[in-house]
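Here is a walk through an interface. Start with how its contacts are counted, then follow them across.

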Number of protein chains: 2
Amino acid sequence: MKTSPSWTHPVSDLLRVDAGFRLADIDPHATPGYDGTKADAARELAGGAARLSDLQERLFAQSVAGVAPGSVLLVLQAMDTAGKGGIVRHVVGAVDPQGVELASFKKPTEEELAHDFLWRVRPRLPAPGRIGVFDRSHYEDVLIGRVRALAPPEEIERRYAAIVDFEADAVARGIRMVKVMLHISKEEQKERLTERLDRPDKHWKYNPADVDERERWDDYMAAYQTVFERTSLATSPWFVVPADRKWYARSAVQQLLIDALASLDPHWPAADFDVAAERARLAAS
Amino acid sequence: MKTSPSWTHPVSDLLRVDAGFRLADIDPHATPGYDGTKADAARELAGGAARLSDLQERLFAQSVAGVAPGSVLLVLQAMDTAGKGGIVRHVVGAVDPQGVELASFKKPTEEELAHDFLWRVRPRLPAPGRIGVFDRSHYEDVLIGRVRALAPPEEIERRYAAIVDFEADAVARGIRMVKVMLHISKEEQKERLTERLDRPDKHWKYNPADVDERERWDDYMAAYQTVFERTSLATSPWFVVPADRKWYARSAVQQLLIDALASLDPHWPAADFDVAAERARLAAS
């Protein structure tokens, strides 16, 4: 099923972070590889949702039968206002909630801080047959952790390797990682934050601390660059998704999820019971 | 906003289990209080979804601001094939996944069995500002628990009072309980199970054990009747929703959820920061 005719190339090729990647070269306002309009993207998002939903249901069915070939984990990282919530709502929200495991990682609690930074993350990895979503993730510990010096430099250094090990282990256990940075421009963020201040029904989304982080913009971009260099691997690559245009980012992430699910080749599991015998039992009941 | 003009009365009045209720008097194929067609219901479900979503977002916003007035817990109980999954998918699935906490209670594990029956349930009560959904629940322990004599009679007896206490405590902590039994007829169940056998893409939903439970139909209806008599209280009433027609059941449960959320009167929280000062900070950043 060709659901997104406006994509000229596989999104995974277009947006993957490979050797030599430089975040500074990416234009957050661009729409690379998408040969269509915003209206096309809205229409195709509905078609993609049906495709994603079908794949997810097959995978879920396999997990019920105990034969799921794996799971998918979408890791979402971004500066504030980049649209993580919209991805959860409009892309992930299109599939059956029963098959989704959503984990939001906020500022760590005292208990979490008393443990290794991966302690709170491990138990949230998706079970076989599920789509897991990390709204923020273990990468916060090398992003704000680095920018704000929340841990000593040698501890931050140690974490990159720990993340690589952690993810390699997850991949070996059948988890397909889709690591996405939604990349907005500093100008676009100002517009979105301004809108939150202008609308009383958006005030709850505004946090004065967001401006504090905004003032460290360049430090964050440098921290992301380092993340990409240290943790974008063949088996768990990063994708940097230009996100100034929400319709582009949503379509791109949807495609990445479809590809990840399709790579598991989910299919309806065979009956583990005698269909004819059950039909007879049921008829007699 | 009047989203469902086809309802002649509030669903909570139409379907609530009050004193003198008899399950045997309820026709699972009926559509009490709905003065419209299946097509009307489909159209109105979309309108209701927008209303539910708006209420949920306000409540969620209040929780972010630390001022959520409470939460809602939808408890779903039913015989197999009655449509619990469809409610989760088509009614609950219409709101932002971030605001939903879904708990499916399967056959208890060894660890769960080693504890009191409420042990695994307590931690799954929804946090303030959330919509919790129990796909099956602590009521299994007085339904299959009773029908299959999984615990001694005196333990089953004890559980009704324990449930009443447990729910009273939850209500006192701000949880609005919406307890729903989706009520299908034995004939309709046979049709739905037959369809699962007829379609290879539905085989995964078929479980031979479902026919074993089906053969205890009357025992289950008696166990439900007892549940209603012992646990339908003014502050946490049961609703028996005729469910042979899926469109009716979905519309009814949506209305019950809308009523529960509306009763919390959620509204956009006031800013806890100085909007003008933040506008100036942002402009300078």
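A polar contact is a pair of N or O atoms within 3.5 Å; within protein, one must be able to donate a hydrogen and the other to accept it, and residues adjacent in sequence count only if both atoms are side-chain atoms. Between chain A and chain B, 20 residue pairs, both at pLDDT 80 or more, are in polar contact. Helix 11 of chain A brings six residues to the side that touches chain B, the largest share (helices are DSSP runs of H or I, at least four residues, numbered from the N terminus).

This is a predicted model: local features need pLDDT of at least 70, side-chain atom pairs count only at pLDDT 80 or more, and totals for chains, interfaces and linings use all residues. Residues are numbered from 1 along each chain as its sequence is written, chains are lettered from A and ligands numbered from 1 in the order written, and side-chain values use heavy atoms, without hydrogens and water.

The rule finds four salt bridges across the interface of chain A and chain B (a side-chain nitrogen of Lys or Arg within 4 Å of a carboxyl oxygen of Asp or Glu). Arg281(B) pairs with Asp212(A) in a salt bridge; their closest N and O atoms are 2.4 Å apart.

Each chain gives 43 residues to the contact, meaning heavy atoms within 4.5 Å. About 4000 Å² is buried between chain A and chain B, 61% of it from carbon and sulfur atoms. Buried area is the accessible area (1.4 Å probe) that two parts lose on being put together, summed over both. Arg89(A), Trp204(A) and Leu282(A) supply 19% of what chain A buries against chain B, more than any other three residues.

The copies meet through the same surface, because 100% of the interface residues of chain A are also interface residues in chain B.

Methods. Helices (H or I, at least four residues) and strands (E, at least two) are DSSP runs, numbered from the N terminus.
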